[in-house]
Amino acid sequence: MSTASPANASDAAYLPWLAGAATRALIWRGGATINMGAFAAQAETVAAALPESTSAIINLCAGRYAFLLAFAAALRAGLPTLLPPTRTHAALAEVRQAWPGALALHEPGTAHEFGGLRLDALGTTPASAAAPRNLPLLDAARVVLIGHTSGSSDAPQPQRKSLRALWASNAANQARLAAELGARFNIVATVPPQHMYGIEMSVLLALLGGGAVADAQPLLPADVAAELHKLPAPRLLVTTPLHLRALLDAGLELSCEAIVSATAPLDAALARAAEVRTGAPLIEVYGATETCVVATRRTAHEKLWTPYPGVSVQPEPDGVRIEAPQLSAPVLLGDLVERAADGRFLLAGRVGDLIEIAGKRASLTDLTRRLLAVPGVEDAVIIQHEDADAGGVRRLAALVVAPGASDTAIMAALRTGFDPAFLPRPLKRVAALPRNALGKLPRAALLELLRG
């Protein structure tokens, strides 16, 4: 069994749901690999056992192997995979209400209060089973993934992805990483597979590209270092700025040949420190659930982002218009960009990030960056109050994790770099910020914490 990667997925009417030779390593699990042929047989078994009434799959599998298996089975069965914005009961209930025939799948040996079926209840095929002789091609226009925006600034919105779109976006990611690692590489990801960044860098690279992904999702620095050490080179670490800082602070050896970071702006000093520690290039990727990854940069060495081939980035008064091979129509993102003559661009903030107080303007992202630079501040964010004060002004507030700094020291540092209009009132100490699995901070959770 072997499936070739389409030369131009954007034009193909039918596409495979796996790519490569049957012997290609796809997943590292328990110190050994599961190759594509054996994985295809497992996915075929699960797909054939899905109830006929199933209209979609809600993939609740936390483990990466189980997630990949459920995702591939849904692809094979021609069913969309639904990724709720969060795993709360309310969010899951909303997704199920929108898709009455949706079936929740979770991993073997577990139960979920939301119901659904375990993967092993649908039958299992041994990892050594013979691969199917031929993998059928699927309708490239069919919607196979419905993700949701993070909800960090407004209500989560569904984003539909066709099989053609997944192939096109993965081809760009694969080409960028192959320039650093070659066509075949091994992946350790600290991010979950339930979000678009995790889908692109730990699921699609394995199913449709040249990556073999580790089943584990290590979070503690020692566990990340151990997982990287288990795999042969070349190795790709998929992570976030929050995890990366913790890894460097731990002082452990990180055996990898490339690093990818996303979900939050990456500080250039942190990027340089990571490259010095590992000797590996650190690639920051830019994109959104709406667009998938559309640009990258070596943050340690450059400020400007380079769009992927075929991607157009055009500044607009209310954001930036993105055109890309994986998009059927242009998408407007709420980012402010400054475009250079050669097509590269600088991110200058977000439309909703700009505030005006007393006739003065500032960026919440820039103010937060300055707060994070204060000695003793481990994590922090500056937000704007929902309600105005007695003078009709919506002041700023700060939530700060800073066990090593006093309020007096923090405010003294801010006064040297902040206009008085932007000084946070109050500066509230918290034990931790309500970051989600990708390190993002939903505004609703921040306001609740501020009120509390």
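How exposed is Thr 263, in terms of relative accessible area? In this predicted model, Thr 263 is partly exposed, with a relative accessible area of 22%.

Thr 263 sits in the loop that runs between strand E16 (258-261) and helix H8 (268-278). Although Thr 263 is not a glycine, its phi is positive, at about 90°. Because buried means under 20% relative accessible area, Thr 263 at 22% does not count as buried.

Cys 292 is also a residue other than glycine with a positive phi, near 65°. Cys 292 belongs to strand E18 (residues 292-297) and is buried, with a relative accessible area of 2%. Another cysteine, Cys 256, is buried at 5% relative accessible area. The structure has zero disulfides.

## Cis peptide bonds

Ala 233 and Pro 234 are joined by a cis peptide bond with omega about 0°. Pro 234 is placed in the loop between helix H6 (221-230) and strand E15 (235-239).

A cis peptide bond also links Arg 425 to Pro 426, with omega about 10°. Here the proline, Pro 426, lies in the loop connecting helix H10 (407-417) and strand E29 (427-429).

## Packing of H1 and H2

Helix H1 (residues 36-49) packs against helix H2 (residues 64-77) at an angle of about 65°, and their axes are 8 Å apart. The crossing of the two helices is right-handed. From H1, Phe 39, Gln 42, Ala 43, Glu 44, Val 46 and Ala 47 take part; they meet residues of H2 including Tyr 65, Leu 68, Leu 69 and Arg 76. By class, 10 residues of this contact are nonpolar, one is polar and two are charged.

## Nonpolar cores

The largest nonpolar core has 86 residues, and Phe 39, Leu 207 and Leu 236 touch the most other members. Helix H2 supplies the largest share of this core, with 11 residues. Leaving out residues up to four places away in sequence, Leu 207 touches Leu 18, Ala 19, Arg 24, Leu 26, Phe 39, Leu 68, Phe 71 and Leu 75.

Another core, apart from the largest one, holds 23 residues, among them Ala 362, Ala 380, Leu 396 and Phe 418.

## Surroundings of Gly 319

Gly 319 is in strand E21 (residues 319-323) and counts as buried, at 1% relative accessibility. Neighbours within four places in sequence aside, its contacts are Gln 314, Leu 332, Leu 333, Gly 334, Asp 335 and Val 351. Val 331 is 12 residues from Gly 319 in sequence, and the C-alpha to C-alpha separation of the pair is 10.0 Å.

Terms used. Residues numbered from 1 in each chain as written. Predicted model: local features only at pLDDT ≥ 70, side-chain atom pairs only at ≥ 80, totals over all residues. Heavy atoms only, no water. Axes fitted to C-alpha atoms, helices over the stretch in contact; angles between N-to-C directions. Helix = DSSP H or I, 4+ residues; strand = E, 2+ residues; numbered from the N terminus. Left-handed = near helix turned anticlockwise from the far one by under 90°. Contact = heavy atoms within 4.5 Å. Nonpolar A, V, L, I, M, F, W, Y, C, P; charged D, E, K, R; others polar. Disulfide = S-S within 2.5 Å. Buried < 20%, exposed > 50% of the residue type's maximum accessible area, 1.4 Å probe, protein only. Core = buried A, V, L, I, M, F, W, Y, C linked by side-chain atoms within 4.5 Å.
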